[in-house]
Amino acid sequence: MVRTALLALAVATSTLPPPAFAMRLEAVPSVLERAVDDFIRPGYRDLHEAAADAARQVSSLCLAPTDDGLQTARGAFDSLVEAWSHIEIIRVGPAIENYRFERFLYYPDRKSIGLKQVQALLAKPDESATDAESLAGKSVAMQGLGALEFVLFGTGSETLSRTPHNFRCRYGAAIAGNLENVSAELTAEWEKPDGVQQAWKHPGPGNPIYRSAEEAVTGLLGILVHSIEATKDQRLQAFYRGPDERTRPKSAIYWRSENTFPSISGNVRAVQDLWKTARMADLLDDEFQSVAGSAEFVMTSVLRVADDVNQPVDELVESKAGRAKLDFLLLNMNDLLDRLNRDYGGAIGLGAGFSFADGD
Amino acid sequence: MRGPAAIARSAALDRRAFLRMAGAAWAATLAPDRLFALERSDAVYASGFMAPDGRYGIATVSEKGEIIERVALPARSHGMAFNPVSRHAVAFARRPGTFAMVFDPEGRDTPILMHAAEGRHFYGHGCFSPDGRILYASENDFDGGRGVIGLYDATDDYRRIGEFPTYGIGTHDMTATPDGRFLVVANGGIETHPDFGRTKLNLGRMEPSLALVDAATGALVERHAMPENLRQLSTRHVDLDAEGRVWFACQYEGPRNDLPPLVGHFRHGEPLAFIDLPDEATVALANYVGAIAVNREAGLVGLTSPKGGSVVTLSAATGKVVEQMRTADAAGIAAATTGFAVSSYDGGFAGGRQPVAWDQHILRLG
């Protein structure tokens with residue numbers, strides 16, 4: 001089944017001619033407004049809520065450690081990863097200022113800097129790491145989701161449910177508090193009426209981000225394309241580069257908490273949500289609506305397979321069926337990139353998909 | 001003209017010389033329309049392209065923008081270099097690519113596919129030594145987090161024979177001085193790693209610089225860091241003028257409504273001099289110069305901006321704007337007999353138009 005779908009898509013890709021026309025400029029303002037008001041701002045608000053809940057649950061666990069409390073805290077972490085995986089596709093603006101992105105998630109961590117720093121801290125406790133504000137001034141590798149995951153799911157995490165106010169738990173609460181603070185900053189930046197949202201919604205001369213409608217649409221489409229690229233290159237290919245290549249399951253993001261695929265699905269679902277919520281197909285002339293249909297078809301196909309992965313990564317890469325799913329995802333993410341970059345970008349007149357893809 | 005083609009100050013390659021070097025047999029293999037293009041051509045260029053079906057290649061192009069011949073590539077290419085002795089050209093994979101294709105624009109020799117060394121990927125540019133013996137390639141030592149110059153023996157199947165440091169990160173374009181003593185390297189200052197694709201990893205702490213490297217020993221001759229207030233000004237592309245000055249062009253990563261200097265020059269032993277462009281030229285270039293070329297005979301410096309959809313021409317002597325044109329998706333630029341040949345992502349090339357998307361650079365063959 002999977003193999004047939006792979007072939008069908010490969011043929012479709014190679015025969016689709018790229019259209020090259022202009023975008024419907026009159027649709028641009030409402031597309032930008034919906035992207036900001038209906039995707040980005042709610043996304044950061046949801047993130048803030050999830051981070052606040054994680055901070056509450058971990059703090060509660062520290063006060064009254066129980067197995068149930070540990071499970072609740074772990075569940076709050078899962079929800080936080082879900083919220084982050086949705087809004088992390090916005091790798092522009094306030095998210096990349098003041099190292100907020102790295103502070104929230106330091107990944108890939110090729111040299112396991114985070115793991116080494118967290119393990120060193122747990123071996124030799126430093127009380128200044130148990131306060132969210134002072135933790136914020138320490139290494140980005142020990143104050144984000146990766147560090148919190150190790151605290152809640154890594155070796156020794158069972159001790160969290162044993163002793164009240166233990167150091168590991170208080171450090172975890174500080175990380176969650178730090179994430180709550182960062183997400184509060186992100187929300188505040190996007191909620192300022194005259195701030196970044198204004199710049200996004202009203203491109204023009206003097207605008208610090210977008211000086212024209214075309215630039216703004218280029219930026220918006222760039223978010224979709226760069227997100228799919230990042231999910232493919234940084235998340236999937238971190239542990240699976242294709243048939244006959246060495247697999248590295250312990251390089252997978254969130255492998256300890258088995259959130260690898262919820263996160264990957266979350267990224268792709270976020271791309272689909274942004275595409276649909278902003279109604280980016282509205283920028284296409286009627287005769288090119290099939291370009292949107294093709295892109296949406298591939299998004300749905302990728303999500304169907306990503307959602308269907310229900311094994312830990314180390315088992316997934318060892319099984320034939322699992323590797324077939326990964327091959328499908330890699331191939332179809334490449335196809336999706338072509339659909340968005342070349343076909344959609346070309347159809348709305350963005351230089352055959354080259355313009356926004358960083359000329360170098 | 002960029003890279004090594006800038007080094008060899010030869011006259012435009014005329015039709016008769018091209019046919020003589022190409023050989024009658026190769027010319028006979030051309031489709032009639034392409035031979036027609038060649039017969040009318042006074043100079044030839046090469047440029048990477050993407051065909052309508054999404055495939056990538058390199059094309060040789062006449063001075064009128066007509067495609068003469070194509071070579072298929074496994075993926076998207078970026079910059080190129082021309083060997084003035086063997087008359088071979090090299091197309092480098094777009095970063096973080098791992099291949100480079102050596103091809104013979106005159107159709108005599110079979111293309112050679114080069115692969116990046118273990119732990120290295122190509123950064124998309126390179127140049128030949130003026131004697132044609134060594135190919136220098138800008139590369140990323142990605143685990144070391146530093147740029148390097150790969151050295152390849154052009155007389156021995158492009159065997160890798162060593163490497164020099166670039167004394168910077170995010171190395172991009174490079175060229176050699178006409179006497180072959182120095183390599184001029186643009187270190188864009190942006191860290192990338194193949195694990196992260198093309199993600200810019202250090203926009204908050206960029207380290208752009210221009211370095212002059214001893215071509216024989218790899219020793220650092222001089223290094224020009226960007227001033228503190230221009231740390232987000234990524235130095236990307238370089239070319240040399242007739243006076244031996246290095247012209248450099250930049251891409252700014254800071255706020256879009258800033259008006260940073262985008263172009264400048266320096267000479268060995270002298271500090272950087274930025275050109276104070278009129279605001280309207282800076283705005284037209286959208287804080288992003290995609291390619292730079294010097295027409296040495298005409299004393300002109302050409303700049304393209306795909307983001308701004310414009311081409312700006314300066315006087316090399318005064319730095320003043322000579323001409324400013326709107327060209328949608330302006331991509332590559334190279335010296336022409338008079339002025340410049342400019343290509344665009346939407347198929348424009350030197351006034352002609354082809355059903356391909358031209359990539360970011362043009363190489364003049366000769």
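This is a predicted model: local features need pLDDT of at least 70, side-chain atom pairs count only at pLDDT 80 or more; totals for chains, interfaces and linings use all residues.
Residues are numbered from 1 along each chain as its sequence is written, chains are lettered from A and ligands numbered from 1 in the order in which they are written, and side-chain values use heavy atoms, with hydrogens and water left out.

Let's start in chain A. Helices (H or I, at least four residues) and strands (E, at least two) are DSSP runs, numbered from the N terminus. Helix α11 of chain A covers residues 260-277; at 1.5 Å a residue its 18 residues should span 26 Å, and because its end C-alpha atoms are 25 Å apart, the two values agree. The expected span here is 1.5 Å times one less than the number of residues. Of the 18 residues of α11(A), 13 are buried, meaning under 20% relative accessible area, where exposed is over 50% and partly exposed lies in between (1.4 Å probe, protein chains only). Just past this helix, Arg279(A) has a positive phi of about 55 degrees.

Next comes helix α12 of chain A, residues 289-307, whose 19 residues should span 27 Å at 1.5 Å a residue; the end C-alpha atoms are 27 Å apart, which agrees. Its buried residues include Val291(A), Ala295(A), Val298(A), Val302(A) and Val305(A). An α-helix has 3.6 residues a turn, so residues three or four places apart point the same way.

Of its 24 lining residues, the closest to the centre are Glu258(A), Asn259(A), Thr260(A), Phe261(A) and Pro262(A). Elements giving two or more residues to this lining are α3 (67-87), α11, α12 and α13 (313-316) of chain A, and α11(A) has the largest share, with 6 residues. A pocket is an open set of points on a 1 Å grid over the protein atoms alone, with protein on both sides within 12 Å along at least five of seven lines; a cavity is a set where a 1.4 Å probe fits but cannot get out, and lining residues have an atom within 4 Å of a point. Grid points are joined across faces, edges and corners, and a volume is the space filled by probe spheres set on the points.

Now over to chain B. Strand β2 (residues 56-62) of chain B has 6 of its 7 residues buried, so it is largely enclosed by the rest of the structure. β2(B) pairs with strand β1 (residues 44-50) in the antiparallel sense over 7 bridges; two strands pair if DSSP finds at least two bridges between them. Gly48(B) stands opposite Ile58(B), and Gly54(B), in the hairpin turn, has a positive phi of about 90 degrees. Strand β3 (residues 67-73) runs antiparallel to β2(B), joined by 6 bridges, with Thr60(B) partnering Glu69(B). In the turn of this hairpin, Gly65(B) has a positive phi of about 85 degrees.

Finally, how many cavities of 30 Å³ or more does the whole structure hold? The search finds 2. The largest has a volume of about 80 Å³, and its lining includes Arg95(B), Tyr123(B), His172(B) and Lys200(B). The second largest cavity has a volume of about 50 Å³, and Tyr123(B) lines it along with others including Asn140(B) and Phe142(B).
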